[in-house]
Structures are given as C-alpha cells and as structure tokens.
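Thank you all for making time this morning. I would like to walk you through one chain, going from its secondary structure to its overall build and then to a few local details.

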Amino acid sequence: MSKIRQDDLISSIADSLQYISYYHPKDYIQALGRAYELEESPAAKDAIAQILTNSRMCAEGHRPICQDTGIVTCFVRVGMDVQWEGATMSVTDMINEGVRRAYLHPDNKLRASILMDPAGGRKNTKDNTPAVIHYEIVPGNTVEVDIAAKGGGSENKTKFVMLNPSDSIVDWVLKTVPLMGAGWCPPGMLGIGIGGTAEKAMVMAKEALMEEIDIHELIARGPQNRVEELRIELYEKVNALGIGAQGLGGLATVLDVKIKDYPTHAASLPVAMIPNCAATRHVHFILDGSGPAELEAPKLEDWPAVTWTPSAAATRVDLNTVTRADVASWKPGQTLLLNGKMLTGRDAAHKRIVDMLNKGEQLPVDFTNRFIYYVGPVDPVRDEVVGPAGPTTATRMDKFTDQVLEQTGLLGMIGKAERGPAACESIKKHQSVYLMAVGGAAYLVSKAIKASQVVGFADLGMEAIYEFEVVDMPVTVAVDSSGTSVHAIAPKEWQAKIGKIPVNAG
Ligand code: SF4
C-alpha cells in the first residue's frame, strides 16, 4: 500500500501544466519536423516553420506555445491500494488547486479562459478552474495521471455521429474533416472513439489523444488488427485531402490518427472524432508515494533545426498609411509583413460593438481605415510588451462582419483559418480583406508586437480592444477584396496534386 500526499498531487498537477504550456511533446515536434522536410506547399511549409520556431522559442523562454492555454483535462487512474495521507481535500479539489497554482504562476502566468454559467453570464473564473476530470479505479498502489491543456479552437471542431452498423467509418471521417475547416490549427492529430455509447465514444476520442505519435512505426511494422488498419487508412486518406498546415493546402494535415474502441450495442455504431491542434499539450506522470512527479526538461537538440525568418518575397505593408487601393491589389496566398498600428477585438468586443451600433452609441475607438486583429493575448510578464498573442478563429466573428464593415469603416481583419461564405461576400461588398496569421505560433507573433495599450472595453480583460504597434508581423492574404478565399482554393489544388483522392470522399 502506498501513501499519497495531498501536496504531492497538487504540486505535480501545477508543475505538469506549467511544463506543457511551454514544452511540446517530443513526439509531436519530431513528427512535425518530418512533415516540414516532406512538405512541398510553400505556404504550408512556411506555417510549419513558424510553428516549429515558436515551439523552440517557448521551450527556451518558458512562455506559452499558444495564447489559448487551454481547458485542463485529466485522466486519473487511482490504484485500489492507495491511501491519501492527511488529505483535507477531495481529489478533484486537489487537482483544481494544482490548476489554480499553475495558471496564476507569477513567472509564467497562463491565460484564464474558463467561464462559469456557460449558458448565461459566462463569467471568467479567473484561475482557469475547474478542470474536466475522468477517474478510473484500477488495481495497484499508484496514482497515474494523463493531463492535457486543450485549446478551444480544436475542441470546437469535435464531431460525433451514430452510424448504422453497416456504414463506413472511413467515409464519414473523409466527409467530415473538410467540414471542420482549419480552425483546429492543423497539422495535428485526430482522436477517434468507436463503440460503447455516445458519451463513451467521446471520452475515448479524447483519451486517444494522450497517446504518443507512432504512425510511422505502425506503418513500418504493419497493422495487426482492424483498428490499426483503420488508423493507417485514415492517416493516408485524410492527408490526401490536401488541407495542409493551417488549411493553406499541403501534404501534412494530420501527423497521426489515434483510435480507441469498446464493445457496443448491436444496433449502434457511435463514432466520435476530436482533433488536436498545433498546440498539442499533454504529459503523463505516476505518483507512488515517494514524492511529487519529476518532469525532465527536454533537450533543445530534440527540436528540428528550423528557424523561420520572413520571406524575401513577402510584401511590407504600412498599416498607418495603407489604402483601399493597396488592399485591392493583394492576392489570395500572398504573404505580407505588417508594420504600424492595428486594433484588436474578439468575441465579447464584437458583441458589444454591434450592441452599441444598434443603439446608436459612439464606439470607444474610430475604426475608419483600420485593421482589427482577432486576439486575446496572455498577460505580459517581466519586460514583455504583451504575452503570446496568436490569432483566434475568425469564423466566430462572421456574424458581426457585415455590420461592422458597413458601419465603422473598418478596412481589414486578421485572424485564424477560413471565413464563411457570408463573410467572404461582405468582404467583397465592402472591398475589404481578411488576413490570416498562424495559429500555434503565438509567442513568435508576440515578438512582432512592440507596443500595446488598452483603448476600449477595459473591463473585458484579455477580450478588451487593444492598440498594438507591430513590426514585420507575418500574415497571409486569406480572403482578397474580391471575396476569393485561399482556404477554398488551396486544399483543392493540393488534393489534385496529391492525386490519390478517395472516390468516396464526398
Ligand atoms: S493552436 Fe490553434 S486551436 Fe490550438 S490552442 Fe492555439 S489557437 Fe487554439
């Protein structure tokens, strides 16, 4: 029988969350390095280079890989012979105390993204609690924890279906992945749960994402069962869709496909699919009563020798003087380096802007001929101007776009992934433009921000309107002023180039 101390679990949770905020798992980095070597699409290769460079900078600087530092998810296996020594808290409270300490750590404060009363007031809990915790009681005398910090952009793309038992899982996945867009920040992984009941399939899909990337070993040794066959088939066919890094078209959409299965009812075939993004963050530890978990720091030599630098072909843009005529000359897929002043705003700011416009109230800032960056940055530490500040998913702003463009004089928008058809139409109508930055390169992007001040809605915290001053911030023209979207064109081009599109991809 082993005695586990409350403080050991709390500090292990806190340490592991700090650890995964700045260290990618080695298997992810190395798989991404392989994808970089093989990538033939210049835009996707540039995005992967940004993600790899960002990753190494975070490992060196101990700052978050992404501005979305995630919702904490734990799988806890408690040995039946474990005793809790002098515990005054429930295990759930211990885990949440660890989350609190990690997210409020003064040297590397993480963004608090969790809101209580989700269907009502949506009030930030301020310390990223509570975690989502799954328990299993198992034989043995250890406590084993898999802990992850899951980004909202990728979690939002979760899919579930109750197939008929005779339906094809492969067909469903190949039909569904293109519908997920690029807001899950590929290249990443797909976790798939097959069988059980609806909720069992979902939990298995999430738990599958805790496994190491090993598809190349599997392909080399050959599949030994149906699940392994499916993993290889889906890995090859999903990559053949040509979606590529950040949806820019390319060879690497997924670095692995993980599947867990469970017996199910004769009438059912539940299938859940959860993507993991470029900010893949998870770690595993075991407590055996001998003290807190010791997490070994990875070696910097483990990172591929890739250093992103701005492309010589990129167009430098001065945001302080840019005109609608300049914007009209930009083409989908063109890379730009932004300089000068931009405003920021995301979900809550957009909601308030539109509410104020509807009431005829004056906005706190003049948007005429300005660009807005959809971002919710991490708070700065030490001498930082701003913490990691990557883009958030732009489609969530789509429903506000037409009115904002119509009534504020806004010139352009910067965010992550594709825009929906209505937003593309509005961009065309108002001769605007939408630029995308790389999701999962937040620390790298933040280094381009040289000054930051709150200029509106200060009460919204990380969702306030800031004014950033940037130097050479890298972006790609994703929807040009004629409404043409790189996310609609590029994956099709790459799918054709890859040339082995599944006939049943839908
Ligand atoms: S990489 Fe993309 S999906 Fe993942 S946490 Fe960051 S912004 Fe969200």
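Let me begin with a definition: helices (H or I, at least four residues) and strands (E, at least two) are DSSP runs, numbered from the N terminus. What you have on the screen is a predicted model, in which local features need pLDDT of at least 70 and side-chain atom pairs count only at pLDDT 80 or more, while totals for chains, interfaces and linings use all residues. Residues are numbered from 1 along each chain as its sequence is written.

With that in place, Ser 11 lies in helix H1. Is Ser 11 buried, exposed or partly exposed? We call a residue buried if 20 or more other C-beta atoms lie within 10 Å of its own, exposed if 12 or fewer do, and partly exposed in between, with the C-beta atoms placed from the backbone. Ser 11 is partly exposed, because 19 other C-beta atoms lie within 10 Å.

Contact here means that the C-beta atoms of two residues, placed from the backbone, lie within 7 Å; axes are lines fitted to C-alpha atoms, for helices over the stretch in contact, and angles run from 0 to 180 degrees between N-to-C directions.

Stepping back to the whole chain, we count 15 helices and 19 strands. How does the radius of gyration compare with that of a compact globule? For 506 residues, a compact globule would have a radius of gyration near 23 Å, and the chain has 23 Å, so the two agree; the radius is taken over C-alpha atoms, and the globule rule is 2.2 Å times the number of residues to the power 0.38. The C-alpha atoms fill a box of roughly 70 × 55 × 45 Å along the principal axes, and 50% of the 506 residues count as buried. Of the contacts between residues at least 6 apart in sequence, 78% join residues at least 24 apart.

The domain assignment, whose bounds come from an automatic or database source, gives domain 1 (1–150 + 297–307), domain 2 (152–278) and domain 3 (315–491). Between domain 2 and domain 3, the C-alpha centres lie 32 Å apart, and the contact takes 15 residues from domain 2 and 13 residues from domain 3.

Let me turn to two further strands. In strand E9 (residues 188–195), 7 of the 8 residues are buried. E9 is joined by 8 bridges to strand E10 (residues 254–262), in parallel, with Ile 192 partnering Ile 259 of E10, and by 6 bridges to strand E11 (residues 269–276), antiparallel, where Gly 191 stands opposite Ile 274.

Strand E16 (residues 412–415) is covered on both faces, with Gly 412 and Ile 414 buried on one side and Met 413 and Gly 415 buried on the other. Strand E15 (residues 371–373) runs parallel to E16 through 3 bridges, and Phe 371 stands opposite Gly 412.

Finally, some backbone details. Most residues other than glycine have a negative phi, and most peptide bonds are trans. The bond from Thr 129 to Pro 130 is cis, with omega near -5 degrees, and Pro 130 sits in the loop between strand E5 (123–124) and E6. Another cis peptide bond joins Pro 186 and Pro 187, with omega about 5 degrees. His 62, in the loop between helix H3 (42–61) and E2, has a positive phi near 50 degrees.

Methods. Two strands pair if DSSP finds at least two bridges between them.
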